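Please walk through this structure with me. We start with charged pairs, then turn to the core and the pockets.

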Amino acid sequence: VVSTQSTALEGSRRSFLILAGVFGAALSVLYAIYSNLPNLPPEHRASIVLPRNIEDAKRLGQVISIYKETHYYSVMGVYFASYIFLQTFAIPGSIFLSILSGFLFSFPINLFLICSCSAIGATNCFLLFSLVGRKIVLKYFPERIQTWNSQVDKHRDSLLNYIIFLRITPFLPNWFINMTSPVIGVPVFPFVFGTFLGVAPPSLLAIQAGKTLHTLTSASDAVSPLQFIMLIVLGFVSMIPVAFKHYFRKKLE
């Protein structure tokens with residue numbers, strides 16, 4: 001037993017070290033991208049940070065909007081890389097970038113950006129934990145994984161709809177879905193496309209909130225109680241084809 005526990009502990013440590021190495025490499029790439037921004041005065045460069053709250057997002061939006069017209073693709077590249085970085089390593093803050101997209105970019109470019117970045121970043125996280133994060137997930141979330149695995153097993157024949165449902169609704173945090181999906185055997189295809197399609201409805205609300213960025217006091221202002229209820233209803237609507245599928249299957253049987 002001691003030998004087994006020691007082996008598991010060693011495996012977890014190795015996984016942590018590999019994840020830390022990948023994180024360091026990605027952070028270096030992100031720093032290099034930020035370093036290639038146009039020469040900014042010190043007061044502007046101080047605002048170029050990954051937003052952790054709505055005030056950070058406001059300051060970042062004010063500075064980027066100044067340079068967007070003359071350095072459009074550089075700004076978009078920084079936005080793209082930052083969003084994917086946060087999603088890949090399950091770092092909070094992507095909601096503020098989603099709101100910021102409504103302030104910086106026109107529709108439907110901002111919606112496509114958010115959906116693409118969410119899908120790419122979530123897939124990176126999926127692959128990362130599939131390769132080196134399994135031991136970590138199993139060690140720290142054993143009971144939650146068992147519970148969710150039982151739910152996924154009920155939807156094995158309709159995983160695309162189920163992933164869309166989970167992305168629209170707030171029942172499971174996105175970081176948990178990204179990290180644990182490869183552990184319980186969710187295939188890549190429904191994971192990627194379910195993410196791309198499922199994040200669109202809440203992203204539309206974030207984009208709309210970004211139009212009035214300067215009036216927001218917190219990220220929760222982006223979604224009203226009515227809109228929150230509408231998202232939940234829309235999530236259940238995405239499962240209607242599955243309900244019909246099961247209904248007609250029982251009829252045929």
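Buried means under 20% relative accessible area, exposed means over 50%, and partly exposed lies in between (1.4 Å probe, protein chains only). The model is predicted: local features need pLDDT of at least 70, side-chain atom pairs count only at pLDDT 80 or more, and totals for chains, interfaces and linings use all residues. Residues are numbered from 1 along each chain as its sequence is written, and side-chain values use heavy atoms, without hydrogens and water.

Side chains of opposite charge can pair when their charged atoms come close. A salt bridge here is a side-chain nitrogen of Lys or Arg within 4 Å of a carboxyl oxygen of Asp or Glu. By this rule there are four salt bridges. Arg59 and Asp56 form one of them, at 2.7 Å from N to O. Asp56 is buried, at 8% relative accessibility. Arg59 is partly exposed, at 40%. Both lie in helix α3, three residues apart, or about one helical turn. Helices (H or I, at least four residues) are DSSP runs, numbered from the N terminus. An α-helix has 3.6 residues a turn, so residues three or four places apart point the same way. Glu55 and Lys58 also meet in a salt bridge, at 3.6 Å from N to O. They too lie in α3 (residues 54-68), three residues apart. Asp153 and Arg156 pair at 3.0 Å, N to O. Shared partners join Arg52, Asp56 and Arg59 into one salt-bridge network.

Now look inside. A nonpolar core is a set of buried Ala, Val, Leu, Ile, Met, Phe, Trp, Tyr and Cys residues joined through side-chain atoms within 4.5 Å. The largest such core has 68 residues, and Ile48, Trp148 and Tyr162 touch the most other members. Helix α6 gives the most to this core, with 11 residues.

Where is empty space left? Rolling a probe the size of a water molecule over the atoms shows it. A pocket is an open set of points on a 1 Å grid over the protein atoms alone, where a 1.4 Å probe fits, with protein on both sides within 12 Å along at least five of seven lines; lining residues have an atom within 4 Å of a point. The largest pocket is lined by 35 residues, with Ser94, Ile95, Arg167, Asn174 and Pro202 nearest its centre. Helix α12 gives the most to this lining, with four residues. Eight of the 11 residues of α12 are buried.

Notes:
Helices (H or I, at least four residues) and strands (E, at least two) are DSSP runs, numbered from the N terminus.
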